[in-house]
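Work through the following exercises with the model at hand, and compare each step with the solution given below it.

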Amino acid sequence: MSLALPGPDATDALGARLAQTRPPRAVVYLEGELGSGKSSLARALLRALGVTGPVRSPTYTLVERYPVPGGAALHLDLYRIADPGELAYLALDALADEAVLWLIEWPQRGGAGLPPADLRLRLAVAGEGRRCEADAGSPVGRDWLGRLARICPDSVIS
């Protein structure tokens, strides 16, 4: 699924639509270069799930935990990870049982230490806006994309 995001409002709308169609448990990989909108999309999704306090980019903390319906959302930013072995210091195993949503930026840096993606969102700068390529990595992800496609029948989010 390929979506055009002509501006920040479109990124927020995509986050809301992802929240609206979210399965009970899912892992989302957010991929793209610096400035492509990964953190903005994660923030919009968390806001749409009811997070009202500050939604920080976990660039320095590496992981932020947020209460969402059904459990917790974990937002990871692995940009500063030099080796996948460093994930052990984040104690993700202790958080895994309560995590109903994983939002993982820079997942390639985590290697096999991460849960596999149900949904992979690749963001890129496209003129004044962004482009999002969405691919499923599991049956959960395929179902999620199917629900998303039903409420986003065209390729431009507005």
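The exercises below treat an aromatic pair and a helix.

The model is predicted, so local features need pLDDT of at least 70 and side-chain atom pairs count only at pLDDT 80 or more, while totals for chains, interfaces and linings use all residues. Residues are numbered from 1 along each chain as its sequence is written, and side-chain values use heavy atoms, with hydrogens and water left out.

**Exercise 1.** Characterise the aromatic pair that a search of the whole structure finds.

*Solution.* Because Tyr79 lies in the loop between strand S4 (71-77) and helix H3 (92-96), and Trp106 in the loop between strand S5 (99-105) and S6, the pair ties together parts that are 27 residues apart in sequence. Next, take accessibility (buried is under 20% relative accessible area, exposed over 50%, partly exposed in between, with a 1.4 Å probe and protein chains only): Tyr79 is partly exposed at 34%, whereas Trp106, at 9%, counts as buried.

**Exercise 2.** Which residues of H1 are buried, and against which elements do they pack?

*Solution.* Helix H1 spans residues 8-21, and its buried residues are Ala10, Thr11, Ala13, Leu14, Gly15, Leu18, Ala19 and Thr21. These buried residues pack against strand S1 (2-5), helix H2 (38-48), strand S6 (119-126), strand S7 (129-136) and helix H4 (139-151), with contact taken as heavy atoms within 4.5 Å.

Note on methods:
Helices (H or I, at least four residues) and strands (E, at least two) are DSSP runs, numbered from the N terminus. The expected span of a helix is 1.5 Å times one less than its number of residues. Rings of Phe, Tyr and Trp (its six-membered ring) pair if their centres lie within 6.5 Å; planes under 30 degrees apart count as stacked, over 60 as edge-to-face and the rest as tilted.
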